[in-house]
Amino acid sequence: MAETASTSVQIDVWFDLICPWCWIGKAHLDTARRLLAERLPGVQVQLRWHSVQLIPQVPPQGWPYQAFYEHRLGGPEAVRARRAQVQASATRAGLTIHHERITMFPNTWRAHRLLACTAQHHPEQHEALLDALFEAFFVQGLDIGHPQVLA
């Protein structure tokens, strides 16, 4: 296929920072963007990120992580099975999720506000912050709902 002009593709992405599938999907999207840039450099990808709180009823102080998932999935065995499934998908995407480091299931409202503020005032830093927040939660086990962590 011969390219004669620049083409633009817009992609809308909805995500929550506590969703491992969102982080895994972002990793696959990043790979696809790199491959597209190599193979079709005239195609410009414009991303629009949409923050969504998947579980907005989480209190500001969050919930204990393990207890939340055992209640949500039906017990420790179900949690182990789901984590194995998530980790296998994460590994295929080049990611490692450290469930054992996560103690708090956070309310992500403040983190989404921080992302919105960054998108408005420093759009060139938005995606780097998004990556940093995913890593803070899934790799470092930080409570990304806590104001000191977000500072």
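Is V45 buried, partly exposed or exposed? I looked this up before anything else, keeping in mind that the model is predicted.

**Entry: V45**

I found V45 in strand β2. Its relative accessible area is 27%. Buried would need a value under 20% and exposed a value over 50%, so V45 counts as partly exposed. I then listed what V45 touches, leaving out residues up to four places away in sequence: V9, I11, R33 and L36. I also checked V45 against W63, which is 18 residues apart from V45 along the chain. The C-alpha atoms of V45 and W63 are separated by 37 Å.

**Entry: the largest pocket**

I turned to the pockets next. The largest pocket holds about 270 Å³ of space. I noted that α1 (20-39), α2 (65-73) and α3 (76-92) are the elements that give two or more residues to the lining of this pocket. The lining has 17 residues, and I18, P20, Y69, R72 and R82 lie nearest the centre of the pocket. By kind, I wrote down 13 nonpolar, one polar and three charged residues for the lining of the largest pocket.

**Entry: the second largest pocket**

For the second largest pocket I read about 220 Å³ of space. Here 13 residues form the lining, and W49, H50, L115, A119 and H126 are the closest to the centre. Which element supplies the largest share of this lining? I found that it is α4, with five residues. At least two lining residues each come from β2 (43-51), α4 (109-121) and α5 (126-138). I sorted the lining of the second largest pocket into seven nonpolar, four polar and two charged residues.

**Entry: helix α4**

Since α4 came up in the last entry, I looked at this helix by itself. I noted 13 residues in α4 and a reach of 18 Å from its first C-alpha to its last. That is close to the 18 Å expected at 1.5 Å a residue.

Which residues of α4 are buried? I have A111, H112, L115 and T118 on that list. Seen down the axis of α4, the buried residues fall within an arc of 120 degrees, so they line one face of the helix. R113, Q120 and H121 are exposed on the other side of α4. I also looked up what covers the buried residues of α4, and the cover includes β1 (7-15), β2, α5 and α6 (147-150).

Methods:
Residues numbered from 1 in each chain as written. Predicted model: local features only at pLDDT ≥ 70, side-chain atom pairs only at ≥ 80, totals over all residues. Heavy atoms only, no water. 1 Å grid on protein atoms, 1.4 Å probe; cavity = no way out; pocket = protein on both sides within 12 Å on 5 of 7 lines; lining within 4 Å. Points joined across faces, edges and corners; volume = space filled by probe spheres on them. Helix = DSSP H or I, 4+ residues; strand = E, 2+ residues; numbered from the N terminus. Nonpolar A, V, L, I, M, F, W, Y, C, P; charged D, E, K, R; others polar. Expected span 1.5 Å × (residues − 1). Buried < 20%, exposed > 50% of the residue type's maximum accessible area, 1.4 Å probe, protein only. Arc of directions from axis to C-beta. Contact = heavy atoms within 4.5 Å.
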